[in-house]
Amino acid sequence: MATKVNKTFQPCRTNIMDPLFLALSNFRRRNFEKCVEICTELLNKNPLDQAVWSLKTRALTEQVWVDECDGEEEGLADVLMDDNTIASVARPGTSLRSAPPSSAGGPSQTFRPSTQSGRPLSGVVRPGSQGGRPGTMDQALRTPRTSQTARPVSATSGRHVRLGTASMLSTGDGSFINLARLNVAKYANQQNIAKALFEYIYFHENDVRHALDLAAQATQALNFKDWWWKVQLGRCYYRLGLFRDAEKQFKSALKQQDNINTFLLLGRVYIRLDQPMASLDVYKDGLDKFPGEVTLLTAISRIYEGLNDLPKAVKFYKDVLQCDATHVEAIACIGTNHFYSDQPEVALRFYRRLLQMGIYNCEIFNNLGLCCFYAQQYDMTLTCFERALSLATDQGIADVWYNLGHIALGIGDINLAYQCFRLALVSDNDHGESYNNLGVLEYRRGNLETARAFFMTSASLSPHMYQPHYNHAKLAHKVGDLQTSFIIVQKALNLFPAHVDSQELLKTLETHFQTL
Amino acid sequence: MGEKSNSSERWLTAHHDPLASLYTFGSCMALADLHGDGDSKLIIADLGTGAYNMKLKVYKGTNLMSENTLIDLPTGVITFHMDTTEPRVPAVAVASGSYIYIYKNLRPYFKFTLPTLEVNPTEFDAWNQARDELLDVSMLYEILDSLRQEVGECGLTTRSQRFLMCHDHASQLTFLEQHKGFLLKRQTVVTCFSTLKKSHAEDDAISCLVLGTESANIFILDPEAFTILNSMSLPSVPVFLCVNGLYDVEYRIIVACRNGQIYTLKRGVKLGRPTAELTSQPVGLIRRDKSIIVATMDQYLYSFNNKGKRLWSLKLPAPVLCMESLEIRTLGLTLTALGLADRRVLVYRDKHLVDTIHTQDNVTAIKFGRFGREDNTLVMIMKGGSLLVKILKRTARFEVEESQGPSQAVAVKLSIPKKTKLFVDQTMRERENCVLMHRVFQHDLYRLRLSTARAYVSALDTSSNPVSLSQSEPLKLSAQVLGLGPTFKLRVELQNTSSVTPSLELAVVFHCDDRIYTVNQSFIQIPMLVPGIVHVAETLVTCISELGISDTVRVFVIKGKANRPLLTAVINMPVAEVFMAT
């Protein structure tokens, strides 16, 4: 009998795991597509299974989830069509828009090149670190868009929609949840799935209006006791451009629960309101609660960098490195600062560290090459540049050629320098710096007409540079066109008021005009 | 403003007379107890209008006590003890022209005349012959004029100098008639003078007079007999004197001369020893303890030690008008006061600025000392003639503020970044492996030149350059994208960069992936390009891709029927925005 029992071995109903468990496991292993597939199957069998439904929303959300605190780019429309009236003449040092070009002891504009917005070049390329705030609509539409860094028109429509469509392409057959038919009030009361649903609507569907609706009703259902919903409400307001409402929600959330993310979001609100000092206060409050938090420290140093207070920015980047010795942004920024403060040998150390950490691209070799050259380690210089050239994409190669041009100028090989600058122009037609340097070389050769054309092109391509204006003014002064020289040297001084050579040229011209 | 409040804390204004109408310099002022009653008087040799009305004025307190008329412009006033009679009252010596007038009890007492100089024999003969009417006036004028070319203005007697200033014949004749009967003498004038204690160092001991003259001599006079005890010579005319020591024991005279040199004279030498060379003419000289402080015309204040080694120098904010040393015995301090041309008086302790006094006018003369019954009194004469007397408060201190730094006037040092230890280490490496490093660098450089040249040639071959510098068609192309999409405007700017030759038969061609973009006008004919003028060609480009991607658009500039483009520009198109929202 016993053997019979053994023979009627109960057949295993399924020789696989419980599909929900499998889906969960896949979710944890970040195999989101697999997870979504299993969930879809299960939902086809039982459309009302909330656990599966919730898992699927989360899997779909995770696929497109972006950390909003980092790397947010302000769109053209956000910058220019901002209807929040902000004092246009802010007190110095209290506004990111009117930060003076060189202040507080950092290296001057002569040594440290500036970005299009007139800020000193940062060590890393972040969204917004290259473009900055344009002055006029015309400038906004023209300058960044000709170069490779095309700025989206608006943060809400541009990037987020692009991400949304990307996710749609991947799922293929229509959307998972029909938002228009969603009974928001019902789900708002079901806390177990409301949060997952919110994130799905917010990140995956990018429908801020519905997300806001859900968040508002959910927080109401919980009698305004849950800080998480307040943060989400704040996010929605922030995305909609209602910064003061967002500020209120974030502050209220912080009263209930200290959270790094909330501090970061509140700080961003103040940055968008152009109140860097207020956001510094927020970040410092956050640091009191979470000492040594790297994201907060980084945010502080970014603000100081925006305010052109480079020594302070570097101080905070150093604090970052104390807490996280492998922080790429901090290492790169400190390295850049050392390089432009005439300490290339120290910068070399920082960039070498980046290389050891496994960053292996054109930019790093380019920087290493420059550091080697200026720190007089000549044997390494050209090897680094060679490698940079071999690794370079179309975008970066122009800068490598441009820097090689500088090396060639440094060793006095004018011909090589000339070829390098021309090659920089081949890969990037809008390389204003190369045009300017070519102009100087042509000027030395005596081709004044060509030099003048180059200076003019350079000035129109990079309106943030004072060098082409000064060079053009000097050229005009040399050929005796004093009136032109006078007008153009004033442009140079507008961009860099402390430029001594321009001031002297202006003084000479004024005496010319005043002499009877 | 902080300085202002400081100075009002330290100084009390004792007397201010804006209508004193004094015209004098620091060397023509003295403070002395002239009557032995313990009440110091202020003695001022007033230059009057500069031509007449010269007076020796004595102030007792705020009142003008006495006035003596002077015959010539005064160059210095000094008080000194010339005998041992009781009560000990000093005599006043006024240097004026080539005389020294000695006043005792404010009454003329003695006149000392400087020894005459040798008259040039040619000049002497000329005047003698003119007197005997062997020469007429114009002949005399010519002889003297040529002599002036030869020996210079200073080599002539004052009579000849004055005669040469008469330009018309009549005045020359009257001058000759007036003066020809007198003996021709060549005199020199006193430029500066000072006192030197004879054998005792007490305050009221007998002093000798030390004179500097226009003939570049230094004379030391005996105070009783008024004979020249010692005569020394200098290479240039002395303008400032500083004397210390005792005549009978050892003394040292420091002289600043008109040639910008400082000389030192000691007992027993006949010729001044060059001590220091200045960058400009001196405007004031002070000696204190072991150092010499000189202000110069180029707005510098220098300090030298006795050997002539420069201790420090300061760039002053304005030209110096006068200089005075403030010896405050109660504090054991010797300060330097400088009257500047920006209506300030700066007080320095060594090279540290310790006080600033703001005045209503430029101060031309400063004297510090005992005035009335007050020990530390600062007497200042303004350019407009007013007299200002300030008393130093007993509580005043002149501490050097460390936070203030060495003074604002110190030249700012260049902030040269310090070289790191790392740099030094790397330099060591460079020094040890220099040959190897050089070889590697040169080797890499050759390779770089080669690869650059290759890349350059290939760029030229494909004409993928926005600038053409060929002799035939020097052109420059720049392109811009305008608009937000899906329809963009491409703007191509063409410029002929040659100086004279125009470019003909040019055309612009746009090339792109036709699945992504459509170009409205892909071929644009360019009219004749005049040198220097920018020609703009525009077209519309529409993005037709549904994928929302961006691509590049190439712009070629071609000439005639040539099969190769002259120039190429690659435009990276931005992502079309509005298209996505639909």
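Which residue follows H19(A), and is its phi positive or negative? I looked this up in what is a predicted model, and found that H19(A) is followed by Gln376(A), whose phi is positive, near 65°.

I then checked the helix itself, residues 362–374 of chain A, and noted that its 13 residues should span 18 Å at 1.5 Å a residue, which agrees with the 19 Å between its end C-alpha atoms. I recorded H19(A) as mostly covered, since 11 of its 13 residues are buried; among them are Glu363(A), Asn366(A), Asn367(A), Cys371(A) and Cys372(A).

Next I turned to the pair H2(A), residues 19–28, and H3(A), residues 32–45, which pack at an angle of about 155° with their axes 8 Å apart. On the H2(A) side I listed Pro19(A), Leu20(A), Leu22(A), Ala23(A), Asn26(A) and Phe27(A), which meet Phe32(A), Lys34(A), Cys35(A), Ile38(A), Cys39(A) and Leu42(A) in H3(A). The residues of this contact divide into 10 nonpolar, one polar and one charged.

Last, I looked at Ser478(B), which lies in strand E30, residues 475–482 of chain B. I counted Ser478(B) as buried because 24 other C-beta atoms lie within 10 Å, where 20 or more are required. Leaving aside residues up to four places away in sequence, I found that Ser478(B) touches Asn429(A), Thr457(A) and Leu461(A) in chain A, as well as Pro466(B) and Glu493(B) in chain B. I also noted that Ser478(B) and Ile571(B), 93 residues apart in sequence, are 9.7 Å apart in space, C-alpha to C-alpha.

Notes: Residues are numbered from 1 along each chain as its sequence is written. Chains are lettered from A and ligands numbered from 1 in the order in which they are written. This is a predicted model: local features need pLDDT of at least 70, side-chain atom pairs count only at pLDDT 80 or more; totals for chains, interfaces and linings use all residues. Helices (H or I, at least four residues) and strands (E, at least two) are DSSP runs, numbered from the N terminus. The expected span of a helix is 1.5 Å times one less than its number of residues. A residue is buried if 20 or more other C-beta atoms lie within 10 Å of its own, exposed if 12 or fewer, and partly exposed in between; C-beta atoms are placed from the backbone. Two residues are in contact if their C-beta atoms, placed from the backbone, lie within 7 Å. Axes are lines fitted to C-alpha atoms, for helices over the stretch in contact, and angles run from 0 to 180 degrees between N-to-C directions. Ala, Val, Leu, Ile, Met, Phe, Trp, Tyr, Cys and Pro count as nonpolar, Asp, Glu, Lys and Arg as charged, and the others, Gly among them, as polar.
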